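Me: Please go through the fold in questions and answers, with the cut-offs stated.

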Amino acid sequence: MLNNDYIKQRLTEKFGEQVTNFEEPFEMLTFEAPKEINLKVLQFLYDDEGLQFRFLTDLQAVHYPDNTGRELAVVYYLDNLQANVRIRFKVYTNIS
């Protein structure tokens, strides 16, 4: 069964301490990864047979002007439609 604990476990097994800030607001797993591995994380979430997050529901950008070095957040909302599970993946970057 696909649940937040399993997703977190698979991400941690694959990426170790590079995935951080796991939270579950409103029971939706939310986490961060460095921008340098952004595409690797997305590809893993898509390809992994136990995860299969193959639907991008929403893509957002959030500007935090006072958060030096992390002024821009890119937020992905990904779904596994078969299991009816949604996660939120955040990547922060600077604006230069």
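Reply: Two strands pair if DSSP finds at least two bridges between them. Helices (H or I, at least four residues) and strands (E, at least two) are DSSP runs, numbered from the N terminus. This is a predicted model in which local features need pLDDT of at least 70 and side-chain atom pairs count only at pLDDT 80 or more, while totals for chains, interfaces and linings use all residues. Residues are numbered from 1 along each chain as its sequence is written, and side-chain values use heavy atoms, without hydrogens and water.

Me: Which residue in S4 stands opposite aspartate 58?
Reply: S3 and strand S4 (residues 72-80) pair in the antiparallel sense over eight bridges. Opposite aspartate 58 stands tyrosine 77.

Me: In what order do the five strands form the open sheet?
Reply: The pairing is mixed. Strand S1 (20-23) and strand S3 (55-63) each pair on one side only, as edge strands. The order is S1-S2-S5-S4-S3.

Me: At what angle does helix H2 run to S5?
Reply: Axes are lines fitted to C-alpha atoms, for helices over the stretch in contact (heavy atoms within 4.5 Å), and angles run from 0 to 180 degrees between N-to-C directions. Helix H2 (residues 38-47) lies across S2, S4 and S5. Its angle to S5 is about 170°.

Me: Which residues does valine 41 contact, leaving aside its neighbours within four places in sequence?
Reply: Val41 is one of the residues that touch the most other members of the largest nonpolar core, a set of buried (under 20% relative accessible area, 1.4 Å probe, protein chains only) Ala, Val, Leu, Ile, Met, Phe, Trp, Tyr and Cys residues joined through side-chain atoms within 4.5 Å. The contacts of valine 41 are Leu11, Phe15, Phe31, Ala33 and Phe89.

Technical notes:
Buried means under 20% relative accessible area, exposed over 50%, partly exposed in between (1.4 Å probe, protein chains only).
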